[in-house]
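Here's a quick tour for anyone meeting this structure for the first time. Take a look at it, then read on.

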Amino acid sequence: MTKIVYEIVEHDGGWAYKLDDVFSETYPTKEQATAAANDVAARQQLSGESEVVQYQDEKGTWREEDVSGDDRPEVDVRDGAK
């Protein structure tokens, strides 16, 4: 199972959550950034319909896969500003 970790960090004069090197919008308070990250994490847990997904792999080859709508990642929100 895939694991996603959103970190709460200081960013651009405020607070944001980030996944790897990608930041959310900036929030005025740490509490607002945490609430937004928790909302995003909850949405990651919602199942959907099965779909066919097309993507380009690291070698530039286009791939197509059937993806189950209930294959959801494990999600965590952590305080990265310690």
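## Surface and charge

The accessible surface of the chain comes to about 6,100 Å², and carbon and sulfur atoms account for 43% of it. Accessible areas here come from the Shrake-Rupley method with a 1.4 Å probe, and for residues only the protein chains shown count as cover. Keep in mind that this is a predicted model, where local features need pLDDT of at least 70 and side-chain atom pairs count only at pLDDT 80 or more, while totals for chains, interfaces and linings use all residues. Residues are numbered from 1 along each chain as its sequence is written, and side-chain values use heavy atoms, with hydrogens and water left out.

As for charge, the chain carries 9 positive and 20 negative side chains. Lys and Arg count as positive, Asp and Glu as negative, and His and the chain ends are not counted. The centres of the two sets lie 6 Å apart, with each charge placed at NZ of Lys, CZ of Arg, CG of Asp or CD of Glu.

## Overall layout

The chain has one helix and six strands, and from the N terminus on they run β-β-β-α-β-β-β. These elements are DSSP runs numbered from the N terminus: helices are H or I with at least four residues, strands are E with at least two.

The C-alpha trace spans about 40 × 30 × 20 Å along its principal axes. The radius of gyration of the chain is 15 Å, whereas a compact globule of 82 residues would have one near 12 Å. That radius is taken over C-alpha atoms, and the globule rule is 2.2 Å times the number of residues to the power 0.38.

Contact means heavy atoms within 4.5 Å. Among contacts between residues at least 6 apart in sequence, 42% join residues at least 24 apart.

## What's inside

Of the 82 residues, 22% are buried. Buried means under 20% relative accessible area, exposed means over 50%, and partly exposed is in between (1.4 Å probe, protein chains only).

The largest nonpolar core has nine residues: Ile4, Tyr6, Ile8, Trp15, Tyr17, Tyr27, Ala33, Ala36 and Ala37. Elements giving two or more residues to this core are β1 (3–11), β2 (14–19) and α1 (30–44). A nonpolar core is a set of buried Ala, Val, Leu, Ile, Met, Phe, Trp, Tyr and Cys residues joined through side-chain atoms within 4.5 Å. In soluble globular proteins, nonpolar side chains tend to be buried together.

## Around Tyr17

Leaving aside neighbours within four places in sequence, Tyr17 is in contact with several residues, including Tyr6, Ile8, Phe23, Ser24, Tyr27 and Val40. Ser24 sits in the loop between β3 (22–23) and α1. Ser24 is buried, because its relative accessible area is 16%. With the four-place neighbours set aside, Ser24 contacts His11, Ala16 and Tyr17.

Arg78 is in strand β6 (residues 74–79). Arg78 has a relative accessible area of 40%, so it counts as partly exposed. Not counting residues up to four places away in sequence, Arg78 touches Lys3, Val5, Tyr6, Glu7 and Ile8.

Ala16 and Thr34 are 18 residues apart along the chain, with C-alpha atoms separated by 7.9 Å. For Glu31 and Ala16, 15 residues apart in sequence, the C-alpha to C-alpha distance is 9.9 Å.
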